[in-house]
Each structure stands twice: as structure tokens, then as C-alpha cells.
Amino acid sequence: MAIINMTMPKMGESIMEATILRWNKKPGDHVSTDETVLEIATDKVDSEVPSIVDGEITEILFNENDVVPVGAVIARIDTADATSGNGEDDTPLFVPDEEPTAVSTPVETEAEPAEQAEPFEEGSAGGNKFYSPLVLTIARNEGVGMAELEQIPGTGLEGRVTKKDILSYVKDKKAGQTSETEMTGTKQSPVETEVGNGREMVAAGHQTNFGGNVEIIEMDRMRRLIADHMVNSKHTSPHVTSFSEADVTNMVNWRNRVKKDFEKREGERLTFTPLFLEAIIKCIKKFPLINSSVDGTRIIIKKDINLGMATALPGGSLIVPVIRNADMLNLVGLARKVNQLANAARNGKLQPDDTREGTFTMTNVGTFGSLAGTPIINQPQVAILAVGTIKKRPVVVETEQGDSIAIRHIMYLSMSYDHRIIDGSLGATFLTAVAHELEQFDPNREI
């Protein structure tokens, strides 16, 4: 018999912590290899964590909703299959792929001062103190204002407030052992805190009374993350949106003609999405600045074309899986990847790597019947393109015999872009180029 330490697995290169959503096992339960022990969530995806050994759960070290750093021991399994003898085996049940690298959102850990990393250079939120994104997130969710947070004594390096400090304070506050006025001496009011590159309002000690017949719904974890990302994007990038329209009659007729043969031959449904992505890829190659990001005063042009496609989840939330190196795929490859990622997103099977390193995003607002939209940029990208619903409209068609009115399939396109580096001329030119690619679709194309 041996005790195996089960650790929080590394769920992606930039993922340094995860939230425990649900324990499927409790102490004393038997667990089999590949059986799900718990469900976790990162800021990217939700995942199930299976066991890789047979044994009995002897101890669970964290509760549901706890935020746990990657590599921390979360449970222990007593197994007869281990070969290390009767002592405790310190080998993690899940071993990260590589040592964590420096990221923009480090995790607070309880360690001796000599082992602490250097103070964060981000997360400063007033005064001379520094706070990690994790501490700021906990403070925001618990209604702890910045003035109140600054009064909490920290046990970390140079007096910094750690996760343990803020959680202990919140616990005491809820138990009535700490009052708001004891910490600040004044009545709290909404204060502004800085998280990453965005700013958001945190209501400290303030509860709004709503009149009339209302229903109050608390945001779930995913909706809070989306809200933070959207506010951050608006505060980071000055958004400008351009509009265009495209006559996609040739493309619609071609797809209607070949989609059954395509599915029979390739085993994949042919939607409009890979056709849109194909046109976007061609235009990104012509205008590479669209495929970039901003780092201070530097423009980072991405040589890889990793296309994100905004996907609605059954619960109403939104996620953006990414097709890496999309320019290396033909139409069949794009269709297969689009279907694979869309199905994985709707069934909760996306992996963390499926949602990172996107360089440009497309969202299909036409799926829900919208003619057009003004999408918010998916940071740190600098542009996002929206395609609207395709409708039959009477339009003027120019022919050699003269102008005539015909019924055509028309679609509106819109693109929001970061005006720090994308001027209106480039943004409009790129969008017009995409519309032109769609209009020039070859109706005689072979599948």
C-alpha cells in the first residue's frame, strides 16, 4: 500500500491556477483508473480530472469553489498498485508538462520569504502596495473595497497580502469579528480598482435596493469572466467599427449544390463558417497588420494565422476556440476543424490549448438572425469580424446588356478594430477585401 499525492494538473501553458467546481468522490470512496475524481475550471475551459491509478480516496485537501495553484496537492489516494513501499509517495499523480514560465497573472503561494518571487509589477491598485490578480479577484467577488483591502495586514514578502490573508479576513468579517469601520474608519463607497489592463468598479460595503417587482440573479463564474474580459477590452482598445455588404449568391448556390456530396465523401457537414474563414485568411495575408497585437509602444505582427471562432454555449455563455495555423488547411481541413471545435465547445470537451493564442476572431451574429453587429475585440488581438445573416434582397445587377434588378443573397459584414494601430483606411480596406473575396467565389469550384 502507498499514498499517492494527487496534484492540480497543468491545463495549459499560461494556466497557473484552477477552481474546483465539484468533487465526484469523497474520502473513503474507491476510484478506478480514468474515473473522474473532480471537475475544475480555469479562465478558459471547464475540465474533468480523472485518476490514473486504482485506489481509495483517503483525504481531500481543498473544498469546492477553492482556487488552487497548479501543482498543489489536492487529494491523496491509497493504492495497492504503487511500487514505492508503505511510505508516502511524494510523486505527483499529475505531472505538469514543463516548469511554469513567467506569466502576466502569477499566483500567490504560501512560502517562506526566501522562496518568494519578486513583487508583482502589475496589480497595483492605489497607494504603494501591490496586489496579485488572484487577491483582487477575491476582493471583488467578496465586496472588499480598495480602501478596506489596503488595511489588511499582509504576511507575504514585504507585507504583501496573500490569498490566505484575504480569505481569512473575509471569513472573520462574515463571522462578525471584523467590522468595515474598524478597518477604514469611514463609510465605504464604490471604488475603482485596476485588474490587468482594464478597470472596473467594485462596490465596497454597498448594496443597492431595487424598487418594484424584480428578480435578482447572481452572475455565474463564466458570466463574471466574460464581463471582466469585455470591460477590459473596451478600456484597452479604442474601438472603431466599419460595415460592408457582400453578394454571396455564388457561394450560397455552390454550397447548396455540393453539401450532400461533401458530407458523404468527407464525413463532415459543410457550413458557411469554413468558407468565411477561407476568405479571411486570404485577406490577412494581404494585410498582415490586421493579424497583430500591441505591447506598449510596440506592434507585434503575428506570422501564424490562428483564427478564433466565437461559439455560443447551450447555457448562453460564449467561448472562442482557436484554429491554429488555419492558413495551412484546405477547405476540408477547415470544415473538419470547425465542426470538431464547435462540437467540443457545446459538449464541454474543449481543452485549454483549444482556446489560446488566437490572432484574429470571427463571430457569426447571423446565426441568431442579426443583420450586423458591433463586436468587442478579443484581447490581445486588434480586430474582430462579424458576419450577419444571409437574406434574399432585390438589388441592382450590372450586366453587359445594362442594369437590372435581381434577387440576390446579400450579407452584411462588420469589423471592430483597435484604432491605436488600425486606422479607418486599413480597417475599411481589409473589410472590403473580405467582401470582395466572398463575392468572387467560383461557382464552378470542385470540392
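This is a predicted model: local features need pLDDT of at least 70, side-chain atom pairs count only at pLDDT 80 or more; totals for chains, interfaces and linings use all residues.
The side chains of Asp 295 and Arg 298 meet in a salt bridge with an N to O distance of 2.4 Å, a salt bridge being a side-chain nitrogen of Lys or Arg within 4 Å of a carboxyl oxygen of Asp or Glu. Asp 295 is partly exposed, at a relative accessible area of 38%, where buried means under 20% relative accessible area, exposed over 50%, and partly exposed in between, with a 1.4 Å probe and protein chains only. Residues are numbered from 1 along each chain as its sequence is written, and side-chain values use heavy atoms, with hydrogens and water left out.

In total, the structure holds 18 salt bridges. One of these joins Glu 39 to Arg 22, with the closest N and O atoms 2.6 Å apart; because Glu 39 belongs to strand E4 and Arg 22 to strand E2 (residues 17-23), the pair ties together parts that are 17 residues apart in sequence. Helices (H or I, at least four residues) and strands (E, at least two) are DSSP runs, numbered from the N terminus. Arg 22 counts as partly exposed, at 40% relative accessibility.

A further salt bridge connects Arg 336 with Glu 266, the closest N and O atoms being 3.8 Å apart. Arg 336 lies in helix H8 (residues 331-346) and Glu 266 in helix H6 (residues 249-266), so this pair ties together parts that are 70 residues apart in sequence. Arg 336 is partly exposed, with a relative accessible area of 35%, and Glu 266 is also partly exposed, with a value of 23%. Both residues belong to a network of salt bridges that links Arg 265, Glu 266, Glu 268 and Arg 336.

Strand E4 (residues 36-41) runs antiparallel to strand E5, and five bridges join the two; strands are taken to pair if DSSP finds at least two bridges between them. Thr 36 has Pro 50 as its bridge partner in E5. In a regular strand the side chains alternate between the two faces of the sheet.

Asn 306, in the loop between strand E14 (298-301) and strand E15 (307-309), is buried, with a relative accessible area of 5%. Its side chain reaches the backbone oxygen of Glu 357 at 2.9 Å. Apart from residues up to four places away in sequence, Asn 306 touches Val 322, Ile 323, Arg 324, Asn 325, Glu 357, Gly 358, Thr 359 and Phe 360, contact meaning heavy atoms within 4.5 Å.

His 419 occupies the loop between strand E21 (402-418) and helix H9 (424-439) and is partly exposed, with a relative accessible area of 36%. Beyond its neighbours within four places in sequence, His 419 is in contact with Pro 238, Val 240 and Gly 424. The C-alpha atoms of His 419 and Thr 241 are separated by 9.5 Å, although these residues are 178 residues apart along the chain.

Val 214, in the loop between strand E11 (198-202) and helix H5 (221-236), is partly exposed, with a relative accessible area of 46%.

Technical notes. A polar contact is a pair of N or O atoms within 3.5 Å; within protein, one must be able to donate a hydrogen and the other to accept it, and residues adjacent in sequence count only if both atoms are side-chain atoms.
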